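Subject: Model for you to look at

Hi there,

Here is the structure I promised to pass on.

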Amino acid sequence: AGFTDYGADCPRPLADAIHHEWIDTGPREGRLLDQILHAIAHDVWPGTAQRDEFITDPEDRNFLASLLFEPAEIEDPTKIANEGIRRMVRNFCTPRIRKIELEIAAKEGNVDSDLLSARKSLLELRHLRINPPTIHVSA
């Protein structure tokens with residue numbers, strides 16, 4: 001069973017759970033994911049059957065068609081989606097945490113508002129990395 005077997009409401013939890021900045025929009029997959037989730041979040045995604053009206057680039061259309069033509073057999077799509085969210089969050093948080101840690105180390109002698117703000121950001125990112133959001137979809 002794939003996500004399409006769960007009905008039209010299934011992508012909505014993904015669109016609600018995934019923040020735009022977590023998606024690496026460099027590769028085609030990330031760019032399309034961001035575009036489709038944005039459309040879902042704003043109730044303008046026409047669905048996979050009418051995707052060609054929304055996705056105009058022929059190479060992107062072919063890529064999506066290939067995914068839909070031979071969909072992967074996934075026993076627990078929600079588990080897979082949550083793992084994807086976890087990885088996105090980790091990939092988003094890890095370099096930012098490292099950057100903030102370096103900033104804090106460089107400012108350790110002077111306690112100022114920038115240092116306190118950096119520590120707060122560090123705590124928030126660490127918490128997010130350890131506790132990414134999850135989706136729950138009823139079958």
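Let me begin with D43, which follows helix 2 and has a positive phi, near 55°. Please keep in mind that this is a predicted model, in which local features need pLDDT of at least 70, side-chain atom pairs count only at pLDDT 80 or more, and totals for chains, interfaces and linings use all residues. Residues are numbered from 1 along each chain as its sequence is written, and side-chain values use heavy atoms, with hydrogens and water left out.

Helices here are DSSP runs (H or I, at least four residues), numbered from the N terminus. Helix 2 has 14 residues and reaches 20 Å from its first C-alpha to its last, close to the 20 Å expected at 1.5 Å a residue (1.5 Å times one less than the number of residues). Its buried residues (under 20% relative accessible area, 1.4 Å probe, protein chains only) are G30, L32, D34, I36, L37, A39 and I40. Their cover includes helix 1, helix 3 (51–54) and helix 4.

Helix 2 packs on helix 4 (residues 58–69) at about 90°, with the axes 11 Å apart (lines fitted to C-alpha atoms over the stretch in contact, with angles from 0 to 180 degrees between N-to-C directions). The two helices are therefore roughly perpendicular (65 to 115 degrees). R28, E29, R31, L32 and I36 of helix 2 meet E59, D60, F63 and L64 of helix 4, where contact means heavy atoms within 4.5 Å.

Helix 5 (residues 77–107) has 31 residues and should span 45 Å, which agrees with its end C-alpha atoms being 45 Å apart.

Best wishes

Notes:
Parallel < 35°, antiparallel > 145°, perpendicular 65-115°, else oblique. Buried < 20%, exposed > 50% of the residue type's maximum accessible area, 1.4 Å probe, protein only.
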